[in-house]
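Hello! Here is the structure I promised to pass on to you. Have a look at it, and then read on for what turned up.

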Amino acid sequence: MTPVYAWLREQLMLLGEAGLLPSVFFYEFVINALLCSLVIGPLLGCVGTMIVAKRMAFFSQAIGNAALTGVAIGVLIGESYTAPYVSMFSFCLLFGIVLNYTRPRTRLSADALIGVFLSISLAVGASLVLYVSARVNTHILESVMFGSILTVSDLDMDVLLVVTLITLLAGLPLYNKMLLGSLNASLAQVRGVNVQAVEYVFIVLVTLITVACVKIIGAVLVEALLLIPAAAARNLCRTLRSFVWTTMLLATLSCIGGIWIPMQWDIPVPSGGAIVMLAAGFFIVTTLIRNLVPGFREARL
Amino acid sequence: MPGPAIHVRDLSLQLGASPVLTDLQFSIAGGALHCLIGPNGGGKTSTVRCLLGQMPHRGSIEFSWPGGTRGSIGYVPQLIEMEKTLPLTIDDFMTVISQNRPAFTGTRRSAKAAIDAALERVGLTARRRLMLGSLSGGERQRLLFAQALIPAPDLLVLDEPMTSLDEAGARLFEQLILEIHAGGATVLWINHDLEQVARLAQSVTVIDKRVLAHGATATTLTADMQRGVFHAPVAGRAA
């Protein structure tokens with residue numbers, strides 16, 4: 001895919017030089033990050049609606065924390081510091097599947113069990129990361145935790161594209177089934193949905209997406225971008241259709257704005273932090289609209 | 001297609017230490033309107049969930065579909081809580097159950113006709129743009145019935161579908177069930193309204209952890225049986 005990226009970058013840089021796009025388009029890494037955000041926004045937005053429907057926000061948080069452990073393991077076994085994808089994908093997938101396997105096999109409620117896993121993954125992840133941080137430049141770890149557009153490479157873009165493709169191919173045809181499974185598992189089963197299998201597919205997709213977005217948004221904050229745009233859209237929407245499309249739009253705007261605004265005005269904040277703060281801004285605005293604009297007050301249940 | 005016959009042999013279900021069902025044995029003829037009755041907590045819903053393959057049980061349950069091909073099963077569950085936090089309308093819900101294409105990309109034209117017809121039959125057409133969270137109990141039960149109509153069921157399983165309905169709704173449901181039965185489908189109906197059972201069902205099974213009685217309604221649902229099995233609950237409900 002590298003020649004395609006190069007061609008895209010070249011076109012955008014030409015537009016930047018000609019003054020048709022903001023001056024930040026002069027930089028290759030900004031263009032990389034913006035291209036990524038055009039993919040990440042709709043992807044996280046769409047999956048986020050399902051995360052909200054399934055009440056699994058904390059699950060993706062736990063996966064994000066597990067990614068920290070994945071990075072630390074990667075560094076320990078000698079993977080590249082900047083892209084320890086093998087360790088991240090394998091550890092996070094293992095973590096997610098074990099968590100989902102344990103869920104129906106304990107007497108704990110789902111949120112309590114996820115809380116346990118989340119704490120474990122944070123404790124192990126933080127400890128291991130601090131342990132290996134003596135060996136590597138700590139900025140790398142900082143960027144894994146909170147995102148950094150400076151380090152987005154062609155490999156990262158490839159990974160993101162492949163994960164997006166997998167999600168489209170596997171996730172879209174199962175969207176209705178996943179939703180029905182979370183509305184009423186028994187009804188879904190009678191209607192021919194293999195509820196458990198669909199659940200595992202969803203877990204795997206969320207895990208893949210979380211890992212693929214770590215570079216841009218950071219392991220600690222991916223969960224926020226899965227949750228906050230959907231929460232913001234929920235404030236205003238009354239149909240599934242408007243809910244999903246609004247969520248995708250807000251997530252995309254957050255990503256683009258979170259990358260572009262700090263670059264344009266030289267604000268030294270990590271991209272993940274800026275993206276999530278922007279998304280939080282949307283949430284605050286929509287909450288105000290819902291409570292102050294009469295037409296939306298009725299949307300309250 | 002006519003509905004399937006159902007043969008239940010030695011069905012037992014154990015949850016934890018307590019036996020819920022013990023050696024159930026009965027058959028339902030294809031195309032019959034069959035009611036399951038029995039005291040509360042007697043295992044009627046558990047029996048149905050075993051039939052639908054949702055509970056790990058011992059024994060065998062056999063569906064003999066005419067022609068050997070499995071037809072479609074419509075299931076109207078007991079009144080369930082519906083998602084209250086999602087912006088999901090009646091139309092959205094019906095789209096979700098009717099097509100594979102993601103519901104947020106719109107309703108297929110081929111699915112739309114069936115959805116319109118199903119909502120019309122249960123009297124929800126005027127309410128179709130309401131969110132699930134704002135529906136009354138009766139409206140939720142109508143929606144649960146509407147989804148069971150798509151695709152047209154050859155076996156219709158109902159679990160006390162009328163508990164929250166007003167009188168008009170109950171009459172409508174009764175008429176719908178009779179229409180579906182008249183079309184050849186097998187109907188398996190958990191029903192606590194013994195007057196209605198006596199009036200409509202061709203056969204009944206009385207369940208209280210085991211089969212207390214089974215057979216044609218007229219010979220099974222005798223006055224003695226009603227007094228013996230239902231005395232306390234029926235009196236309680238009347239009071």
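A charge sits over a ring if NZ of Lys or CZ of Arg is within 6 Å of the ring centre and within 35 degrees of the ring normal. A:Arg105 lies over the face of A:Tyr101 in this way, 3.7 Å from the ring centre, and A:Lys54 is placed over A:Phe202 at 5.7 Å.

Before you go further, note that this is a predicted model, where local features need pLDDT of at least 70, side-chain atom pairs count only at pLDDT 80 or more, and totals for chains, interfaces and linings use all residues. Residues are numbered from 1 along each chain as its sequence is written, chains are lettered from A in the order in which they are written, and side-chain values use heavy atoms, without hydrogens and water.

Now the rings. Rings of Phe, Tyr and Trp (its six-membered ring) pair if their centres lie within 6.5 Å; planes under 30 degrees apart are stacked, over 60 edge-to-face and the rest tilted. Over all chains, this gives nine aromatic pairs. The ring centres of A:Tyr175 and B:Phe104 are 4.9 Å apart with planes at 75°, so this pair is edge-to-face. A:Tyr175 is buried (under 20% relative accessible area, with a 1.4 Å probe and protein chains only), at 4%, and B:Phe104 is buried at 4%. A:Phe91, A:Phe95 and A:Phe117 form one aromatic cluster.

Finally, the two chains: the contact (heavy atoms within 4.5 Å) takes 29 residues from chain A and 36 from chain B.

Enjoy exploring!

Terms used:
Buried means under 20% relative accessible area, exposed over 50%, partly exposed in between (1.4 Å probe, protein chains only).
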